[in-house]
Structures are given as structure tokens and as C-alpha cells.
Amino acid sequence: MIITRRAFTAALSLSGLAVLAGFPPLRLIAQAMAQGAADVAKPMSLPDMALGPANAPVTITEYASMTCPHCAAFNDAVFPKIKAAYIDTGKIRYVFREFPLDIKAAAGSMLSRCIAGGDSAKYFAVTDLLFRQQGDWVVKNTTESLSRIGKQAGLSQQQVEDCLKDQSLLDKIVADQKYASEVLKVDSTPTFFINGEKIKGETSFEEFDKRIKALLKS
């Protein structure tokens, strides 16, 4: 599902945070390219949120939705092992990209970006918090829950509201999602690319470990 301005505006208006509307349609991807490592590595509308050295021989790129339970399960059970074994030791670079499957996921991604302010470590910390509290802010009042999380992270109520009204930020998230969908053929979450090779769905640490070790040896 590609998030549209109209749907986002309607949904958050109903929950108390209206988003500016009335802008021209989003720029469409003109031509699909062959999927590969270069396409995955291509700069997005938003700066990549990444951990690990930029020149690492292995790069894992994850596309995830903040409301996806499989993404939350991966974040809880598998990602910490990858981080300890390969990210913290400087062996790989790990990139997280937003692929919101619904309106609430888009709002969660926007809040993560606003709180982080370009700080990748902070972004991953906030994203981890949102995944761990997914059952709270997704199921209950989303606006109130995101406001609470934002204020706990140091934002004022006004800053949270301004964040969720940020049309430019929403446009960039949607544009990046469209690129992933149309060019990289991402159609579900989580989806991973390891040096350009796609892996769909929640994947075990053992599978990542095997693939990473093979690439590090090559």
C-alpha cells in the first residue's frame, strides 16, 4: 500500500492532528530499473539512517513498517544479535528505511525522524521504542500515544503536532516508498537486501549469520 496525502490527511484529522492538504500529486517514478546493489544504494529523498561504517564490505538494508508485527518481532529477537555480532564490531553497515503499510505507520516514521533530527543512533533508539510499544500506540489512541512518546523524547506538544503536519517530510517518505515499491519491488515488510540480494519476510539470525559470513570471506 502506498500512503497518499488524502488518506493521511483524513486519518489524522479524525484523530486530532490535521495534515495540510491541497498539494499537487506526488512525482511518480518515470522508469523502473533493474534491481541490484546500485539501486538499493541509490540516495533516497530522506537521508539514510544507518549504523556501522560507510565503507563496510557488507550492507544490510531493511524496509519496515512501524505497525508491522513481524518487523517488531524481528527488531526484538534478531536485530540485537546482528547488532552485537556485526554492527558494533564494525563489520557491516545496517540501513533502516521506512515502508509504511498504513497511516499510523507513516505517522510513527515521521515522529522517529523528527525526534532523531538526523542522528542515526537516536533514530534507531526511537524506532526500537516504537516497535516495543507497538501494541500500545497502534491499538489505542494513536495521536495521544505518539504525543506522549514525543514528549518523553524531549519534544513539546507543539513540536509533535508540527512534526505530524510536516507535508515535506510525508512527501519524502512516500516518494521513497514508491521507489522501493516500483524499482526494488518491495511489496511486504520486513524486506531485506544484503549487498543488493533480496530476502523477504522475518528471517532468523542464523540465516543472516550464514550470508554475512559468506560475503565477508569473499
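**Entry 1: H3 and H6.** I began with two helices, H3 and H6, whose axes come within 9 Å and cross at roughly 120°. For the record, axes are lines fitted to C-alpha atoms, for helices over the stretch in contact, and angles run from 0 to 180 degrees between N-to-C directions. H3 and H6 are therefore oblique to each other; under 35 degrees counts as roughly parallel, over 145 as roughly antiparallel, 65 to 115 as roughly perpendicular, and the rest as oblique. I noted the crossing of H3 past H6 as left-handed, a word used if the near helix is turned anticlockwise from the far one by less than a right angle, with right-handed used if clockwise.

Which residues make the contact? From H3 I listed Cys 71, Ala 72, Asn 75 and Asp 76, and from H6 Asp 128, Phe 131 and Arg 132; contact means heavy atoms within 4.5 Å. Sorted by class, the contact of H3 with H6 has three nonpolar, one polar and three charged residues. Ala, Val, Leu, Ile, Met, Phe, Trp, Tyr, Cys and Pro count as nonpolar, Asp, Glu, Lys and Arg as charged, and the others, Gly among them, as polar.

**Entry 2: what I am looking at.** This is a predicted model, in which local features need pLDDT of at least 70 and side-chain atom pairs count only at pLDDT 80 or more, while totals for chains, interfaces and linings use all residues. Residues are numbered from 1 along each chain as its sequence is written, and side-chain values use heavy atoms, with hydrogens and water left out.

I found eleven helices and five strands in the protein; these are DSSP runs numbered from the N terminus, helices being H or I of at least four residues and strands E of at least two. Of the 218 residues, 48% are buried, where buried means under 20% relative accessible area, exposed over 50%, and partly exposed in between (1.4 Å probe, protein chains only).

**Entry 3: salt bridges.** I searched the whole structure and got 13 salt bridges, each a side-chain nitrogen of Lys or Arg within 4 Å of a carboxyl oxygen of Asp or Glu. One of them joins Asp 76 to Arg 132, with the closest N and O atoms 3.0 Å apart. Asp 76 lies in H3 (residues 69-77) and Arg 132 in H6 (residues 120-132), so this pair ties together parts that are 56 residues apart in sequence. Asp 76 itself is partly exposed, at 45% relative accessibility.

Next I checked Arg 148 and Asp 136, whose side chains meet in a salt bridge of 2.6 Å, N to O. Arg 148 sits in H8 (residues 142-152) and Asp 136 in H7 (residues 134-137), so the pair links parts twelve residues apart in sequence.

Is Lys 178 buried or exposed? Lys 178 is buried, with a relative accessible area of 10%, whereas its salt-bridge partner Glu 182 is partly exposed at 26%. Both lie in H10 (residues 167-182), four residues apart, about one turn of the helix.

**Entry 4: H5 and H9.** My last stop was H5 (residues 103-116) and H9 (residues 157-164), whose axes come within 9 Å and cross at roughly 125°. That makes H5 oblique to H9, and H5 passes H9 in a right-handed crossing. Ala 107, Met 110, Leu 111 and Cys 114 of H5 meet Val 160, Cys 163 and Leu 164 of H9. I sorted the residues of this contact into seven nonpolar, no polar and no charged.
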